[in-house]
Amino acid sequence: VWLQSGSTLAYDSSFGAESRNVKLRGEGFFDIAKDPERPFTVEVEGLRIRVHGTKFNVNTSLEERTVAVSLVEGSVALDSGNGETRRLHPGEIARYNTATQELDIRHGNVEQELLAAGKLVFERQSLGEICRYLSRWYDIRIDISPALAHNYAYTFTITDEPLEAILRIMSRINPIVYTFSDNRSVYISEKNKTANLPNTNQTPNAYDRTEQNRTPVSYTHLTL
């Protein structure tokens with residue numbers, strides 16, 4: 001089990017005797033061996049994940065009231081507490097709404113969700129989407145000019161590279177600049193358009209999906 005920074009995993013003294021039950025807070029990546037005599041179960045925000053020998057990632061977002069389960073291989077059964085149990089297959093991502101107990105399962109980029117596993121993979125992802133994951137990976141707030149969120153897309157994999165090194169490479173390829181602040185935040189804007197930095201009363205919407213004045217997307221493969 002690999003835990004993301006700030007996450008916790010709890011279990012009682014009987015763990016491993018007849019069953020393997022744990023409670024997760026935050027985010028974790030699990031690589032669990034199959035053992036029918038001692039089933040492995042993860043409890044997180046009202047969702048029970050029964051494991052059948054598998055590799056998967058679990059991430060909780062208190063702000064969005066969601067639990068995301070991303071399956072790499074094997075299978076898991078999801079019990080949301082409303083009497084319905086659903087099976088997750090490799091390559092699928094389940095999103096559980098903790099408020100409504102609704103469960104949505106779709107195919108997705110599973111590798112992109114494996115922050116706790118020690119790497120982060122992007123494939124032709126927009127700068128706006130990338131910033132969402134970089135913010136979680138480096139535990140830092142990232143604000144981006146709305147005009148840039150969808151103009152540039154990148155393909156790359158990171159493991160232990162510093163955030164500044166990644167942004168420096170991006171800024172050499174595309175006309176962007178970045179500014180780090182003392183309060184663990186960074187602002188990304190268009191080159192020569194840094195005058196309108198965010199203040200305490202107005203923060204740029206990093207994920208604005210406005211279609212107006214959008215330029216064609218520029219795709220770049222980064223070598224880190």
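Trainee: What should I know before I start?

Mentor: Residues are numbered from 1 along each chain as its sequence is written. In this predicted model, local features need pLDDT of at least 70, side-chain atom pairs count only at pLDDT 80 or more, totals for chains, interfaces and linings use all residues, and side-chain values use heavy atoms, with hydrogens and water left out.

Trainee: How many helices and strands does the protein chain have?

Mentor: Helices (H or I, at least four residues) and strands (E, at least two) are DSSP runs, numbered from the N terminus. Here there are two helices and 18 strands.

Trainee: What share of the residues counts as buried?

Mentor: Buried means under 20% relative accessible area, exposed over 50%, and partly exposed in between, with a 1.4 Å probe and protein chains only. Of the 224 residues in the protein chain, 43% are buried.

Trainee: Which residues have the most contacts inside the largest nonpolar core?

Mentor: A nonpolar core is a set of buried Ala, Val, Leu, Ile, Met, Phe, Trp, Tyr and Cys residues joined through side-chain atoms within 4.5 Å. The largest one has 24 residues, and Leu134 and Met170 have the most contacts inside it. At least two residues each come from strand S13 (120-126), helix H1 (127-138), strand S14 (141-144), strand S15 (152-158), helix H2 (163-173) and strand S17 (185-190). H1 gives the most, with seven residues. A second, separate core of 22 residues includes Ile32, Leu47, Val51 and Val58.

Trainee: What does Leu134 touch?

Mentor: Contact means heavy atoms within 4.5 Å. Apart from neighbours within four places in sequence, Leu134 is in contact with Leu120, Phe122, Asp139, Ile140, Ile142, Ile158 and Leu163.

Trainee: Which residues of H2 are buried?

Mentor: An α-helix has 3.6 residues a turn, so residues three or four places apart point the same way. In H2, the buried residues are Leu163, Ala165, Ile166, Leu167, Met170 and Ser171. They pack against H1, S14, S15, strand S16 (176-181) and S17.

Trainee: Where is Arg20, and which side chain of opposite charge is nearest to Arg20?

Mentor: Lys and Arg count as positive and Asp and Glu as negative, while His and the chain ends are not counted. A salt bridge is a side-chain nitrogen of Lys or Arg within 4 Å of a carboxyl oxygen of Asp or Glu. Arg20 lies in strand S3 (residues 20-25). Arg20 is buried but has no salt bridge, and the nearest side chain of opposite charge, Asp35, is 4.9 Å away. The Arg20 side chain does reach the backbone oxygen of Ala33 at 3.3 Å and that of Arg38 at 2.8 Å.

Notes
Polar contact = N/O pair within 3.5 Å; in protein donor to acceptor, adjacent residues only side chain to side chain.
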